[in-house]
Amino acid sequence: MAAVQDSAVVVGGGAQARPVAQGRWASIWAKHGAGYMFLLPWLIGFFGLTLGPAVASLYLSFTSFDLIRAPEWVGTANYVRIATADPKFAAAMQVTFLYVVLSVPFKLTFALLVAILLDRGVRGLTVYRAIFYLPSLLGGSVAIAVLWRQLFAGDGLINSLLAQFGIEGPSWISHPNYSIWTLVVLSVWQFGSPMIIFLAGLRQIPTDMYEAASLDGASKFRQFYKITLPLLTPVIFFNAVVQTIDAFKAFTPAFIISGGTGGPINSTLFYTLYLYQEAFGNFRMGYASALAWILVLIIALFTAFSFLTSRYWVHYDD
Amino acid sequence: MATSVVLQKVEKRYGALDVIHGIDLTIDPGEFAVFVGPSGCGKSTLLRMIAGLEEITGGTLMLDNDRMNEVAPAKRGIAMVFQSYALYPHMSVYKNLAFGLETAGYRKAEIEPKVRRAAEILQIEKLLDRKPKALSGGQRQRVAIGRAIVREPRIFLFDEPLSNLDAELRVQMRVEISRLHRDLGNTMIYVTHDQVEAMTMADKIVVLNSGRIEQVGAPLDLYNHPVNRFVAGFIGSPKMNFLKARIAAVGEAETAIQVCGGTIRLPRALKGAAPEQEVTFGIRPEHLSAHEDGIALAPINVELVENLGGETMLYGITPDGQHITVALEGQQKVERGTNLAVHFDPSRCHVFGADGKAM
């Protein structure tokens with residue numbers, strides 16, 4: 001009887017609590033519902049297309065998975081093989097690091113030079129800015145990569161131009177010593193995005209600093225390396241991090257120019273291209289997932305290292 | 001050995017726009033000259049032309065009898081303190097002070113004593129290792145002045161250097177800059193829109209308006225004998241009262257003026273005065289008195305009383321409806337709505353013709 005009474009009490013209590021809980025949810029919905037509805041497309045995208053696949057790939061990296069049969073748990077075998085028994089991984093790493101080390105400094109230097117030229121108050125600045133930015137919009141596209149292939153082919157436009165001066169150019173794309181350079185040049189050509197950011201940074205430097213320096217007798221060159229460069233370091237840092245991450249992730253140009261092979265002799269085998277080959281050429285999804293997570297780790301380590309060293313060379317005003 | 005500055009018919013044009021109209025000015029060696037005027041009058045442009053930061057479109061700039069028009073800024077022997085201080089944010093105070101000397105090729109052993117001496121003069125020795133962002137506004141200002149001092153220039157230029165400081169610090173820095181001028185003895189040119197700074201610091205004030213010099217003179221000359229209504233209104237705080245008036249009669253040694261609904265008799269002849277002529281009667285608020293001495297102006301109806309402790313400001317209306325300000329010494333008990341008879345010393349009043357010129 002006592003149990004029945006207790007039960008009745010519990011049921012009674014629950015019956016009283018439910019409307020309170022419902023009321024609270026209704027109140028939250030009434031207050032924030034519209035906001036969440038606006039957020040919903042992004043939430044779907046984030047969970048469905050970013051976080052979900054990322055977590056899935058992390059799981060798959062510990063499996064053997066060929067897209068047909070169910071994933072088979074293999075533990076750290078994929079990672080062990082990458083580290084110990086995969087010469088192509090080492091080749092891809094070497095090519096990718098070479099590409100990062102060459103393309104990022106060249107691209108940033110070129111972008112800074114153009115930004116300095118545009119900062120000198122040229123007429124029609126907005127037109128030039130748009131024109132120079134255009135390659136950044138197009139550069140990652142398949143069409144431009146195809147065009148690049150035509151330009152640098154053995155009988156391409158570059159060699160035709162060189163032939164006018166009696167120079168017999170090599171087949172830039174099919175020569176292992178030069179092929180990486182065609183990709184570096186393509187990367188530098190897409191200088192628009194960092195250039196716009198450099199230009200904005202240059203505009204932020206107060207003119208009276210240059211005036212004070214000119215009263216002190218500083219030459220233009222001294223003004224550049226004593227004032228412009230140090231004050232631009234936050235922008236240089238930002239551009240360097242963004243461009244380096246982009247370079248690590250570069251895929252389309254190498255895929256199109258090498259016809260998806262990474263050749264000749266693996267000279268354009270970017271890390272992402274090798275990852276693609278493993279995933280969609282050899283159908284080793286688990287192995288490719290492990291490669292992807294190693295790339296994430298490399299980018300994260302590089303970024304962390306950049307931030308740690310930035311305190312020694314990046315000058316923030318406040 | 002201080003330097004003279006001479007401007008001869010100096011002009012500045014931006015395309016078709018004339019901003020400086022043929023200025024003639026002489027600043028004597030060791031003088032503290034202040035360019036003062038409202039925003040856009042061309043005072044900063046004129047300073048920048050002397051510095052070499054703006055090209056001189058016409059006329060001649062002479063420093064110690066040497067033409068400077070084509071000489072590069074760094075070769076003019078000039079140091080400038082900017083309104084924004086223009087300190088290099090990525091350099092320590094020491095590096096900021098040393099930058100000019102390093103640029104000029106001095107050795108480290110030569111630079112250090114110069115920097116230390118400037119720091120000592122400005123009492124910033126303890127700040128030498130700090131970056132500008134770790135300094136207060138006043139400290140930044142001192143560093144900016146220090147950067148000018150270390151170069152041992154012939155001429156110091158100051159472009160509204162105190163305008164970013166709060167009122168208390170402004171007064172303090174004003175005193176320090178004056179002391180610096182006294183100690184160093186260099187020629188200094190100082191730009192400000194604050195007439196109090198001009199009055200307190202200058203040996204010579206240059207009042208500019210729309211790219212022209214309105215008057216040049218010692219502070220009290222400008223205060224006591226403004227040549228026109230613009231200078232009379234710009235120099236002095238609180239501002240001079242300007243009252244509509246009419247010449248009633250003109251005598252050999254006396255002029256009768258109708259003002260504030262009454263007639264006053266000034267015991268002097270006014271240049272170019274004629275009966276019935278419309279004029280402006282000018283009298284400074286501090287030259288009006290509630291005591292019965294001097295000439296009586298029509299009684300004013302007091303609308304507002306401000307007790308500032310050291311003085312009492314009265315804002316009132318004259319019988320003919322014109323606004324007038326009276327500054328009485330000390331703490332006066334005056335009720336709002338009082339009809340107060342005010343008097344003035346006739347030697348202290350000013351009369352301006354229709355063209356604004358003093359009569």
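**Notebook: chains A and B**

I began with burial in chain A: 26% of its 318 residues count as buried. The model is a predicted one, and I read every entry below with that in mind.

**Overall form of chain A.** I looked up the secondary structure of chain A and found 13 helices and two strands. I then checked the radius of gyration, which is 28 Å for chain A, whereas a compact globule of 318 residues would have one near 20 Å. The C-alpha trace of chain A spans about 105 × 60 × 35 Å along its principal axes. For contacts in chain A with a separation of 6 or more, I noted that 70% are between residues 24 or more positions apart.

**Helix α7 of chain A.** I listed the buried residues of α7 (residues 179-189) in chain A: A:S179, A:T182, A:L183, A:V184, A:L186, A:S187 and A:V188. What do the buried residues of α7(A) pack against? I found four helices of chain A there, namely α3 (87-118), α5 (142-152), α10 (220-249) and α11 (252-257).

**Helix α9 of chain A.** I went on to α9 (residues 207-215) of chain A, where A:M209, A:A212, A:A213 and A:L215 are buried. These residues lie on the same side of α9(A), because they cover an arc of only 160° around the axis. I looked for what covers them: the cover of the buried residues of α9(A) includes α10 of chain A, and from chain B it includes α1 (43-51) and β6. Just after α9(A), I noted a positive phi of about 90° at A:G217.

**Where chain B meets chain A.** I looked up the contacts between the chains and found 18 residues of chain B in contact with 17 residues of chain A. On the side of chain B that touches chain A, β6 (78-81) and α2 (93-103) of chain B each supply at least two residues. I sorted that side of chain B by class and got 13 nonpolar, four polar and one charged residues.

**The nonpolar core.** I checked the largest nonpolar core, which has 148 residues. Inside this core, the residues with the most contacts are B:V34, B:L157, B:I189 and B:V207. Which element gives the most to this core? I found that α3(A) does, with eleven residues. I then followed B:V34: leaving out residues up to four places away in sequence, B:V34 touches B:Y190, B:T192, B:A198, B:M201, B:A202, B:I205 and B:V206. As background, nonpolar side chains in soluble globular proteins tend to be buried together.

**A sheet in chain B.** I traced an open sheet of five strands in chain B, with the order β15-β19-β16-β17-β18 and antiparallel pairing. At the edges stand β15 (288-289) and β18 (323-329) of chain B; each has a single partner strand, so one side of each is left without a neighbour in the sheet.

I then took β16 (residues 295-307) of chain B, which pairs with β19 (residues 339-344) of chain B in the antiparallel sense over five bridges. In that pairing, B:I300 has B:L340 in β19(B) as its bridge partner. The pairing of β16(B) with β17 (residues 311-317) of chain B is also antiparallel, and it runs over six bridges. Opposite B:V302 I found B:G316 in β17(B), and opposite B:E306 I found B:M313 in β17(B). How many residues lie between the strands in the hairpin of β16(B) and β17(B)? I counted three, and in this hairpin B:G309 takes a positive phi near 95°.

Technical notes:
Residues are numbered from 1 along each chain as its sequence is written. Chains are lettered from A and ligands numbered from 1 in the order in which they are written. This is a predicted model: local features need pLDDT of at least 70, side-chain atom pairs count only at pLDDT 80 or more; totals for chains, interfaces and linings use all residues. A residue is buried if 20 or more other C-beta atoms lie within 10 Å of its own, exposed if 12 or fewer, and partly exposed in between; C-beta atoms are placed from the backbone. Two residues are in contact if their C-beta atoms, placed from the backbone, lie within 7 Å. Ala, Val, Leu, Ile, Met, Phe, Trp, Tyr, Cys and Pro count as nonpolar, Asp, Glu, Lys and Arg as charged, and the others, Gly among them, as polar. The radius of gyration is taken over C-alpha atoms; the globule rule is 2.2 Å times the number of residues to the power 0.38. The arc is that of the directions from the helix axis to the C-beta atoms. Two strands pair if DSSP finds at least two bridges between them. A nonpolar core is a set of buried Ala, Val, Leu, Ile, Met, Phe, Trp, Tyr and Cys residues joined through C-beta atoms within 7 Å.
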